[in-house]
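Here's a quick briefing to read alongside the model. Have the viewer open and follow along.

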Amino acid sequence: MESRSKTIPTLEEIQSLYETDLRNEALQNIENYDEEENIFLKRFRKTEKVEVNKTTEENFYYKKYKDYIKREKLKKEEELEEIRNSIDYEKFLLRWERRVNREKTNRHSSNSATRYRVDRIKELERELETLLKESPEAWEVYYKQELLRDIETQHQQKLVTSPYVLEAKEKVVSSLELGKPVYIVGHLGSGKTQLATEAALEFTVENRIQSELEKEMNDWIKDNMECSEEEAFKKFIELNKEKRKYYSDILLKGSKEELEELQPLFISGSYNLTYEDMFVEKTLSLEQSFSEKSFSDYLNMIIVDFYSWLEEHKDTLSEMTEEEQLQLKIQIWKSFSDLLVASNSAFGTEIKKIEREILIAVKEGRTVIVDELNTIAMQNLIGLNDILQKRVGSTAYITGVGPVYIKQGFGFIGTGNLSTENVNYEGTNELNPAFKSRLTTIEYNYPPQEIVGSLFEQENPKENELFRIIIARLADDNGNIYLPNPKKTLEELFRFAQLSKVTQNVFMGKWDDGIEQTFSSDEVELKESVLSIRNILNVLDNWNFGEEKDLSKALWDGFISSITNPDDQNYILSQAVRFGFFSESEGWNVRTKKIGSALSSYSEIRKWEYSYSRAEVMPLSYLDLLYLAFGRENQRREIPQELKIYFKEEIMPNIDVEQYQILDKKLSHLEHSKHLLELTEDELDG
């Protein structure tokens, strides 16, 4: 029989046990190797000793709480899935309605059917929002799925789907759906090209899924005319999941041919890129060809001509000896053969036309990305004008080719670096206003990040999207992280995200956005160097979870040491020190230099030989990461009613009325004390 503690744990104690339990699970799943491929490694493998906290297994009340949480999470997972499926269904019908409406009116317009679907989608999104606010279990399930999706996208070298990224991607896809070409501008390393690639791919895949679902749902309804909408909804869910898995599998492990059908065509822009490079390339080719007939036809032709010649010259042949006749016949046969070959073949230089990416995209209904669009000479870009202003389903005129039908699925995306007063990208041009007006311009820079306050002082953690990217990079497939001295390391990683954001702001010319100044406003600029997403990930890889070095050393090795502009290096070092890196107590000797000074060397900024002692590595569970990335806005405030009833039934038979009254008074006193503390906190905050 299970032993019961005489003391009922508080909700905070039970929740603490739950969080500890998740960390224990993380420890147990810390490393898994494929036994078949790593037999030798497994045979002689040695690891750190880890201790698992067993106290949660001995607590009766916690076990009941954990069982309840498990049941609730499964239940809420089903509810979340139902809402998502409903949203997908409404979006599917909305796109179908809009397509039909567009084909009827030859323009994008609204009607009562599209408005109904729009309102229904908003209603379902509010329902989802309410569920997340009211249920801690739904909140945990939903944001764990978000975290695992972040981790998966990082592993696939894609953009983490934070709100800033999702919003930008939705803008690109929406513009393409409206038939409008897109121009994505931003600063170096912000991920413009990756955004363009992912948006183009999503546009193509969603178009295919939509088209296939429309056809298959139409085919299904023909055989099920008496079905209810609930049955149709279930069929949609089945087909939708099937289609999405099919395309997901292609993107993960599809053949070269399958991937090429989905991936956008790509052009790397440069000043030397010509009109022909984008549409049709003309080449000279030395060709030899033979007319298309069977060899027996040619043989018959020679035979007929040969015998005709013999008939015409039979008198002359009769005057020759047999040997002379044979030699003449051989020569005549050879002459006929040579003449036949000459008359049916061509040999010489021919002009060949090879279709290039933009023409292929227009004719085949595919997306095309022109990277660094603003490096291409304007006189060559003008050739795009007719294509950019025409819609899918119409005909565009292409110089040197003629009229070309724009097939369904065509989409155009250009990218370009955004020059500022401080940063000018060599070789870039300002696009002609008339040309630019044909494009939907979307500015895409670095994700948001608060640069004021420590990690555990953040009022809205969701705004720290750079830190979220760092977390996703470090987490394993289950959403756990293993760090030396986790609390201290997390604070350092958060300050690293803040430092990165400061360099990004300065690089973009937004130096006054809450940045404490070491320099005057005239001196604050970065011309070449910035802790972009790419450089942030380089530093994290160099740090390698603090295995052999701290974050300061990784910041130097993975980024600052490679800076070639002395003023950039000087400023970034000064800001790194301000954010707590390169501490003097740890042997660093970073000094602010004047503008125009030389680069700093490693020996110059070190006081003594570098040494590092790694702290004990401890786990953080997926729930710890959810609190860091998304906040604690929906923690449980009281023990669930179901458990209250159960605990009461279990406890009441074991205590008399007097004991119960004493416990009740203690509970009331604690609740009153808590209320007073909350009031005091509110007054202090006010």
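A charge counts as sitting over a ring if NZ of Lys or CZ of Arg is within 6 Å of the ring centre and within 35 degrees of the ring normal. By that rule, Lys 487 lies over the face of Phe 456, with 5.7 Å to the ring centre. Keep in mind that this is a predicted model, where local features need pLDDT of at least 70, side-chain atom pairs count only at pLDDT 80 or more, and totals for chains, interfaces and linings use all residues. Residues are numbered from 1 along each chain as its sequence is written, and side-chain values use heavy atoms, with hydrogens and water left out.

**Charges over rings**

- Besides the Lys 487 and Phe 456 case, the charged end of Lys 144 sits over the ring of Tyr 622, at 4.2 Å from its centre.

**Aromatic pairs**

- Rings of Phe, Tyr and Trp (its six-membered ring) pair if their centres lie within 6.5 Å; planes under 30 degrees apart are stacked, over 60 edge-to-face, and the rest tilted.
- That rule gives 21 aromatic pairs.
- One of them is edge-to-face: Tyr 142 with Tyr 143, at 5.0 Å centre to centre and 85° between the planes.
- Buried means under 20% relative accessible area, exposed over 50%, and partly exposed in between (1.4 Å probe, protein chains only).
- Tyr 142 is buried at 17%, and Tyr 143 is buried at 9%.
- Phe 306 and Tyr 307 also form an edge-to-face pair, with 5.8 Å between centres and 75° between planes.
- In that pair, Phe 306 is buried at 10%, whereas Tyr 307 is exposed at 55%.
- Tyr 89, Phe 92, Trp 96, Phe 233 and Phe 236 make up one aromatic cluster.

**The sheet**

- Helices (H or I, at least four residues) and strands (E, at least two) are DSSP runs numbered from the N terminus, and two strands pair if DSSP finds at least two bridges between them.
- An open sheet is built from 5 strands in the order 2-5-8-1-9, with parallel pairing.
- Strand 2 (265-268) and strand 9 (440-443) are at the edges with a single partner strand each, so one side of each has no neighbour in the sheet.
- Strand 1 (residues 182-186) pairs with strand 9 in the parallel sense over 4 bridges; Val 185 has Glu 443 of strand 9 as its bridge partner.
- Helix 14 (residues 357-364) packs on the sheet and touches strand 2, strand 5 (367-371) and strand 8 (411-417), where contact means heavy atoms within 4.5 Å.
- The direction of helix 14 makes about 155° with that of strand 2; axes are lines fitted to C-alpha atoms, for helices over the stretch in contact, and angles run from 0 to 180 degrees between N-to-C directions.
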